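Subject: Structure handover

Hi,

Here is the structure I promised to pass on.

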Amino acid sequence: MNIPFSPPHIDNAIIDEVAAALRSGWITTGPRTKLFEKKLAEYCNIQHVVCVNSASAGLELTLRWFGIGEGDEVIVPAYTYTATAEVVIHCGAKPVMVDVDDNFLINTDQVRRAITPRTKVILPVDIVGLPCDYDQLFDIVNDPAVKSQFQPANDQQCSLGRILILSDAAHSLGAYYKGKRTGAVADITVFSFHAVKNLTTAEGGAICLNLPTPFNTEDVYKELCISSLHGQSKDALAKTKAGGWRYDVTSVGYKCNMTDVAAAMGLVELTRYDQMILPRRREIFDAYNQAFSGDARFKVPTYETPDKRSSYHVFTLRVNGVTESQRDEIIFKMAQQGVAANVHFIPLPMLTAYKSFGYNIADYPNAYSQYACEISLPVYFNLTDEQVAEVIRVTKAMVSEVCGL
Ligand SMILES: *Cc1c(COP(=O)(O)O)cnc(C)c1O
């Protein structure tokens, strides 16, 4: 049996809708993208969502909208994908890394200690689909002592009057935090629709606006749409209207709009996301949980608490007491048996680019210890019960072989 790690969910319904977009005469940002934005906003129960061509672009556009630049600090977890910190560096600001807890989530005590007068944004990550501790993060940024240190440098920062909470929710579409979906929790939340994510448009992302008063999210929505398309006052669709050729460029923008071909995929998948996709992912999580939680060799991930419900993105199994090289060997042997496993993620301070900036994994001991024993198991809609049983069998057998347990 050959079990891939995370193939995209593509069926005839998606292919038909993509074909309809291709045949419609409008393939870039247009009616399907606008409808997808509306459906995502309804899904998250917020007013405005801006679709873009990746989560990375969405995060960077948001940081730039908030005026993040040289001299600013953005707090990020050490345990994440490079995109989270990379966008901060693109803006010329400094990613301040903090360690994570046993669920791989940003450690809120360490966030508090990392705040300086230069801190402008906290960028937590809902790793593998479990929402972060947002109430604690909001308590920190609203703490009068923290607020009084905040040094606003532009209109947006003055209006907010505190540190922005920008959620990297690349993994957590459909997850819940205290009865609200991600998208309606942080000030701004960014989803990814990259090919390996729960819902895919091949490449894509969405910026969910949940800013408090005095922000007018409709104005922010318009501003972000314009800055995602060269700062041009009219999008291409508006310009095609008879006589509508004249445009202005109101700011020096970027180019990261979503295409209608991509939105076509997302529209189909979103209509069945709650009914089909998440329940199947949950069943797979439950099966893995049942197989591994009673076995003392393993630690299973948290995917439901009284306050949180995961989007079941990645099942982060941990093998108690293994070294990093034993873990690598287990994954290698699993691959030989036809089971593709993975590691989510190599902590940023272990990667060459971040080492060269002076980050050192010794400063993030929990990120390292979680990483060293972690094995991500396959989870996707088309994974059959038989394949799930095979993943469990192979994982246990290879752990026995490598560890002699
Ligand atoms: C995938 C991912 C991103 C980036 O998403 P793109 O849409 O590929 O830009 C950001 N953060 C995390 C944690 C991710 O896993």
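An oxygen atom of the ligand sits 2.8 Å from a polar backbone atom of A55, which is a polar contact (a pair of N or O atoms within 3.5 Å; within protein, one must be able to donate a hydrogen and the other to accept it, and residues adjacent in sequence count only if both atoms are side-chain atoms). Taken alone, the ligand would expose 380 Å², and the protein buries 92% of that (areas by the Shrake-Rupley method with a 1.4 Å probe; for residues, only the protein chains shown count as cover). In total 16 residues surround the ligand, and the closest are S56, D168, H171, S192 and K197; a residue is counted if one of its heavy atoms lies within 4 Å.

Before you read on, a word on where this comes from. It is a predicted model, so please keep in mind that local features need pLDDT of at least 70 and side-chain atom pairs count only at pLDDT 80 or more, while totals for chains, interfaces and linings use all residues. Residues are numbered from 1 along each chain as its sequence is written, and side-chain values use heavy atoms, with hydrogens and water left out.

H171 has another contact to look at: its backbone oxygen lies 2.6 Å from a polar atom of the S311 side chain. S311 is in the loop between β11 (308–309) and β12 (315–319). Is S311 buried or exposed? At 0% relative accessibility, S311 counts as buried (buried is under 20% relative accessible area, exposed over 50%, partly exposed in between, with a 1.4 Å probe and protein chains only).

Now the overall picture. The protein has 16 helices and 13 strands, taken as DSSP runs numbered from the N terminus (helices are H or I, at least four residues; strands are E, at least two). With 405 residues, a compact globule would have a radius of gyration near 22 Å, and the protein agrees at 22 Å (taken over C-alpha atoms; the globule rule is 2.2 Å times the number of residues to the power 0.38). The C-alpha trace spans about 75 × 55 × 40 Å along its principal axes, and 57% of the 405 residues are buried. K241 is in the loop between α10 (236–240) and α11 (260–271) and counts as exposed at 54% relative accessibility.

On to the strands, where two count as paired if DSSP finds at least two bridges between them. β2 (residues 73–77) and β4 (residues 119–122) run parallel over three bridges, with V74 partnered by V121 in β4. β4 also pairs in the parallel sense with β5 (residues 164–168), over two bridges, and there V121 has L164 as its bridge partner.

Elsewhere, three strands make an open antiparallel sheet in the order β10-β12-β13. β10 (298–299) and β13 (374–377) stand at the edges with a single partner strand each, so one side of each has no neighbour in the sheet. β10 and β12 are joined by two bridges, and F298 stands opposite V319 in β12.

Last, the charged pairs. There are 23 salt bridges, meaning a side-chain nitrogen of Lys or Arg within 4 Å of a carboxyl oxygen of Asp or Glu.

- K38 and E42 meet at 3.7 Å, N to O. They are four residues apart in helix α2 (residues 31–44), which puts about one helical turn between them. E42 is partly exposed, at 48% relative accessibility.
- D143 and R112 have their closest N and O atoms 2.9 Å apart. D143 lies in the loop between α6 (134–142) and α7 (144–147) and R112 in helix α5 (residues 108–114), so the pair ties together parts that are 31 residues apart in sequence.
- D274 and R181 meet at 2.8 Å, N to O. This pair links helix α12 (residues 273–293) with strand β7 (residues 180–181), 93 residues apart. D274 is partly exposed at 29% relative accessibility, whereas R181 counts as buried at 13%.

Cheers
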